[in-house]
Every structure is written in C-alpha cells, then in structure tokens.
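This report describes strand pairing, sheet architecture and charged contacts. The sequence and the structure are shown first, and the description follows.

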Amino acid sequence: MDNAHPTGAPATPPPLGEHLRSPRLRAAMLVQQEALHAARAFLRGEGFTELLPPLVGPVTDPGGRGAKALDVDYYGHPYKLMTSAILYKQASLRGFPRLFYVAPNVRVEPEETAGTGRHLVEFHQIDVEIADGSREDAQEIAAGLLTHVTEHVWTAVPEILTELGRIEGDFADVRAGKYDVRTHDDAVARLLAAGHPQNPDGEIDWAGERILSLESDRPFFVNDYPKGSRGFYDREDPERPGVLRNFDLIAPHGYGELVSGSEREADYATIVTRMRESGENPAKYAWYLKEAREGMPASAGFGMGLQRLVRFLTGLDALWQVSAYPKLPGVVAP
C-alpha cells in the first residue's frame with residue numbers, strides 16, 4: 001500500500017478568517033493540544049524543567065539552507081528575532097541540566113520553499129538539552145518523546161485522527177518504539193543509486209529527504225553528517241575528523257524530518273575555531289563565548305518541529321494547514 005501523504009493542498013492558505021473557521025484546522029489544533037500535553041508530561045517525567053525561551057537577542061542560530069533572521073532595533077542595538085534558541089539552551093545548563101522549551105522561531109526562508117509543504121516563517125520547536133549527554137542519550141529522549149506523544153494522541157482523540165483519514169496500523173512501529181538507524185553516507189549512497197543527485201558533503205536535500213521518507217514504513221535516524229553541513233555548535237567526532245556527532249529523525253511515509261539534534265561543542269577554543277571555519281565572526285557571540293570560557297557543560301540536545309509533528313500525526317498535506325496563523329515564505333500574510 002502507498003502510505004504517502006496526499007499532495008493536493010492549495011499552494012497558499014485561504015483568507016485568515018476562512019482558515020480559522022475551517023473544521024480541518026480545528027481538528028488539527030485539538031491534536032496539537034494533546035500532543036503538547038503529552039510532550040510536557042513525558043519530558044517532566046524524565047526530569048526536565050520547562051523554561052520560557054527568549055524571543056530576541058544580540059545573535060541567534062546562524063541558520064542553514066538559506067534561512068535568514070529578522071533584525072530588531074533594540075534600544076539602538078541591532079538584535080535578532082530567534083531563529084532557534086539553541087545558544088540559550090547551552091548557556092542555561094549550569095542552572096538547569098535537563099531543560100526544554102516550546103520555542104517560537106522566526107526564519108525568513110527562501111521563497112522557493114513555499115511550495116514544499118514543510119516550511120513556515122513562524123513555527124515552534126520542542127527544544128531539549130541534556131547536560132553531559134551523548135548523542136545516544138538525545139536520541140533515546142527524542143524517540144521516547146515521539147512514541148509517547150503518538151500513543152497519547154491515538155488514545156485521547158482517535159476519532160479525530162480517523163476522521164482525518166489516518167489509519168491506526170500505520171503508527172504501530174512508532175507506538176512500539178521501533179526506529180531504524182542509518183548513516184549520512186548510507187543515505188547518500190541510497191539516493192545516488194536511485195538516481196537522485198545528492199551532494200555527499202552537504203545536508204540531505206528536501207527532495208532526497210522525501211525519497212528516503214517515502215520508502216520507509218517506520219521512523220529512522222540519520223547519523224554522522226559531514227562537518228560544514230551544520231552549525232558550529234555540532235560536535236565533531238574526535239575519533240573521525242570531519243564527521244559530526246549529530247542526527248536527524250525522519251518520519252516515514254513522506255513526512256520527512258521531525259527532529260535535528262547533536263552533541264554540542266563546549267570547549268571555548270574549539271567553538272571559536274569552528275565559528276571562523278563557518279564564516280561567523282566570534283565577536284558577535286561575545287555573551288555566548290563568555291559562558292563557554294567560564295565552563296559551559298558539554299551536552300546533547302535536539303529540536304522537534306511542533307507543526308511537523310502535528311502534520312505527521314494528522315496526515316494533512318502542508319504545514320500551513322496545521323498552523324492557526326500561517327506565514328509561508330515569500331507570502332505576505334496577517
């Protein structure tokens with residue numbers, strides 16, 4: 001059976017009032033409500049403390065795949081809206097060794113991403129960080145979180161999922177905690193063998209990610225992205241130079257990436273070197289580097305896209321359908 005999600009969503013949302021009155025959006029928001037309830041319960045049960053993340057700061061995650069940050073005039077100082085609060089997660093670890101956010105992010109994505117069905121300018125992440133954690137620790141929490149949320153939603157609102165056309169059996173592996181693992185090299189080789197021109201030194205591109213997702217019936221981790229494909233904070237494997245101790249978690253049936261995570265660089269000199277290698281000016285990150293110099297803990301963590309999670313659970317075609325106030329790249333909206 002072909003479990004791929006449908007591809008018939010309109011390219012852009014209807015007028016906001018019409019969208020907010022849609023029974024489909026109401027169904028998605030009820031699923032989102034249950035997903036957030038379950039996520040918070042799971043993470044608190046694992047000993048995590050929820051903090052409220054910052055919205056603006058002197059710097060933010062430098063981003064990737066062409067996304068840019070919006071500028072804010074903060075009392076005469078050039079600040080940024082958060083594209084990701086990852087730097088603040090690391091800085092918080094001495095006081096909160098197991099922490100999470102439900103973090104709003106704003107990324108000015110390239111206009112060509114408007115049609116992917118999986119990009120929004122405004123979105124939320126379930127952001128998790130673990131002091132002294134390894135990649136395997138972060139993956140265990142990420143998998144447990146997805147399994148717990150999926151189980152809870154199917155228990156709490158099965159009628160909504162069924163009305164949306166979801167088939168409970170398609171979630172059996174997720175609910176049973178069955179996840180596959182492959183490396184970035186494996187993923188690249190599989191795509192090249194399928195005729196997809198994947199760059200072996202870069203991120204898995206969106207089309208390649210969808211190919212891998214469509215051919216899988218269960219979630220899978222992709223480990224060991226090459227250095228240079230991700231941010232300066234992703235830790236390089238000391239035993240394999242050029243390979244990062246990071247991962248993505250890809251949903252099956254064409255829904256694509258749900259989670260990105262990594263072990264983090266914590267050594268001050270290494271962070272400065274990595275910044276320079278990636279073209280970043282360390283002077284912009286003065287407050288963050290001060291924390292690193294004073295002894296920021298080593299850690300591992302991840303971000304799980306909330307709207308991507310809800311889209312996977314509901315089976316809707318595009319992220320704008322699971323956002324109450326959607327803003328697509330390049331599309332001016334209220």
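**Hairpin and its neighbour**

Val56 stands opposite Leu81 of strand β4. The strands concerned are β2 (residues 56-57) and β4 (residues 77-81), which pair in the antiparallel sense over two bridges. Strands here are DSSP runs of E with at least two residues, and helices are runs of H or I with at least four, both numbered from the N terminus; two strands pair if DSSP finds at least two bridges between them. The model is predicted, so that local features need pLDDT of at least 70 and side-chain atom pairs count only at pLDDT 80 or more, whereas totals for chains, interfaces and linings use all residues. Residues are numbered from 1 along each chain as its sequence is written, and side-chain values use heavy atoms, with hydrogens and water left out.

Strand β4 also pairs with β3 (residues 71-74), again in the antiparallel sense, over four bridges. Asp71 stands opposite Lys80 of β4. The hairpin of β3 and β4 has two residues between its strands, and Tyr75 takes a positive phi near 55° there.

**The eight-stranded sheet**

An open sheet with mixed pairing contains eight strands in the order β1-β5-β6-β11-β10-β9-β8-β7. Its edges are β1 (49-50) and β7 (180-183); each has a single partner strand, so one side of each is left without a neighbour in the sheet. Within the sheet, β6 and β11 (residues 299-305) run antiparallel and are joined by seven bridges. Gln125 stands opposite Gly305 in β11.

Helix α4 packs on this sheet, touching β5 (98-106), β6, β8, β9, β10 and β11. Contact means heavy atoms within 4.5 Å. The direction of α4 makes about 30° with that of β11. Helix α7 (residues 184-193) packs on the sheet as well, where it touches β7 and β8, and its direction makes about 80° with that of β7. These angles run from 0 to 180 degrees between N-to-C directions, with axes fitted as lines to C-alpha atoms, for helices over the stretch in contact.

Arg264 is buried at a relative accessible area of 5%, and Glu129 is buried at 0%. Buried means under 20% relative accessible area, exposed over 50%, and partly exposed in between (1.4 Å probe, protein chains only).

Asp224 forms a salt bridge with Arg135, the closest N and O atoms being 2.7 Å apart. Asp224 is in the loop between β8 (220-223) and β9 (246-251), while Arg135 is in helix α4 (residues 135-156), 89 residues apart. Both residues, Asp224 and Arg135, are buried. A further salt bridge joins Asp248 and Arg230, with closest N and O atoms 2.8 Å apart. Asp248 lies in β9 and Arg230 in the loop between β8 and β9, so the pair ties together parts that are 18 residues apart in sequence. Asp248 counts as buried at 1% relative accessibility, and Arg230 is buried at 15%.

**A charged network**

Salt bridges also link Arg135, Glu136, Asp224, Arg235, Asp237, Arg240, Arg245 and Glu263 in a network.

Key:
A salt bridge is a side-chain nitrogen of Lys or Arg within 4 Å of a carboxyl oxygen of Asp or Glu.
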